[in-house]
Amino acid sequence: MQIHTTIESLRAARAGAGRTAFVPTMGNLHAGHIALMGQAREHADSVFASVFVNRLQFGAGEDFDRYPRTMQADCEKLEAAGVAHLFAPDESVMYPQPQRYFVAPAPAQTAILEGEFRPGHFDGMATVVLKLLNIVQPEVALFGKKDYQQLMIITNMVREFALPVRIVAGDTIRTDDGLALSSRNGYLSPEERAEAPRLHRTLARIRDAIRAGDHDLLKLETEAHAELAAHGWAPDYIAVRRRADLQPPAHMDDALVVLAAAKLGRTRLIDNLEI
């Protein structure tokens, strides 16, 4: 695996790489990331990945400084997964001057759910993703479904800007007890880790109830909120939405997803299930 720390080096490698699939990450890789790398190999001659902790998408008081940096371990995992090229720039490469131009996704899609609790997050995320896509210029880019709102925004951004890349979604990878893999799971204490799978079970009950014909969404969301709160969680939201734009469903035959974010101790976990 070749490691590139400059845009010039990356682009030179890209020129001779054939059909390329790209998986951007912030590092601290787990099995969910590695599954995306394996999926990427199915779409391309060469797999490119990036590791860059993007300051622009962290808000005040969030965990930018303590976000785990595990570059050596990440490189070993990527090489074992068959990644041909890793783009690992520092901030001086990605932002040689203060970033003054930003992608501003549609407010209706960013002011809700995660955007309500992390203002500005999606502007920073979309800006760095657009920049990375412009640098790598892949035919295919892969993003995980665990960050469902992120995936929706990127998919819509690519379509509306007519970017020459196809976005492929990767399924959420879970532990045996249902917890969605996340870099932030490492912040959980042993007691919190034992409690954490409740979030997935709660979403699964909502999904199963809707599939069984219960369409009282407010009741289902309220009951789920109360259950989590009763077990020591601090929920931010539990919501059933349309997959396409994450707006409240107008019809129950819309393609739906149930999403949640909640704090367990100091750790904020997110998850979702398609219905």
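Which residue in S9 is the bridge partner of Lys263? I looked this up and found that in S9 the partner of Lys263 is Arg268.

**Ground rules.** I am working on a predicted model, in which local features need pLDDT of at least 70 and side-chain atom pairs count only at pLDDT 80 or more, while totals for chains, interfaces and linings use all residues. Residues are numbered from 1 along each chain as its sequence is written, and side-chain values use heavy atoms, with hydrogens and water left out.

**The sheet.** I next traced the strands (DSSP runs of E, at least two residues, with helices being runs of H or I of at least four residues, numbered from the N terminus). Three of them form an open antiparallel sheet in the order S7-S8-S9, where two strands pair if DSSP finds at least two bridges between them. S7 (233-242) and S9 (267-274) stand at the edges with a single partner strand each, so one side of each has no neighbour in the sheet. I noted an average twist of 10 degrees from one strand to the next. Strand S8 (residues 256-264) pairs with S9 in the antiparallel sense over eight bridges.

**Helices on the sheet.** Helix H10 (residues 198-211) lies across S7, S8 and S9 and runs at about 25 degrees to S9; angles run from 0 to 180 degrees between N-to-C directions, with axes fitted to C-alpha atoms, for helices over the stretch in contact. Helix H11 (residues 217-230) packs on the sheet, touching S7 and S8, and its direction makes about 160 degrees with that of S7.

**Sides of H11.** I found Leu217, Leu220, Glu221, Ala224 and Leu228 buried in H11 (under 20% relative accessible area, with exposed meaning over 50% and partly exposed in between, using a 1.4 Å probe and protein chains only). They cover an arc of only 95 degrees around the axis, which puts them on the same side of H11; the arc is that of the directions from the helix axis to the C-beta atoms. On the other side of H11, Leu218 and Ala230 are exposed. The buried residues of H11 pack against H10, S7 and S8. After H11 comes Gly232, which has a positive phi near 95 degrees.

**Contacts of Leu133.** I then listed what Leu133 touches, leaving aside neighbours within four places in sequence: Phe22, Pro138, Ala141, Val158, Leu163 and Val165 are in contact with Leu133, where contact means heavy atoms within 4.5 Å.
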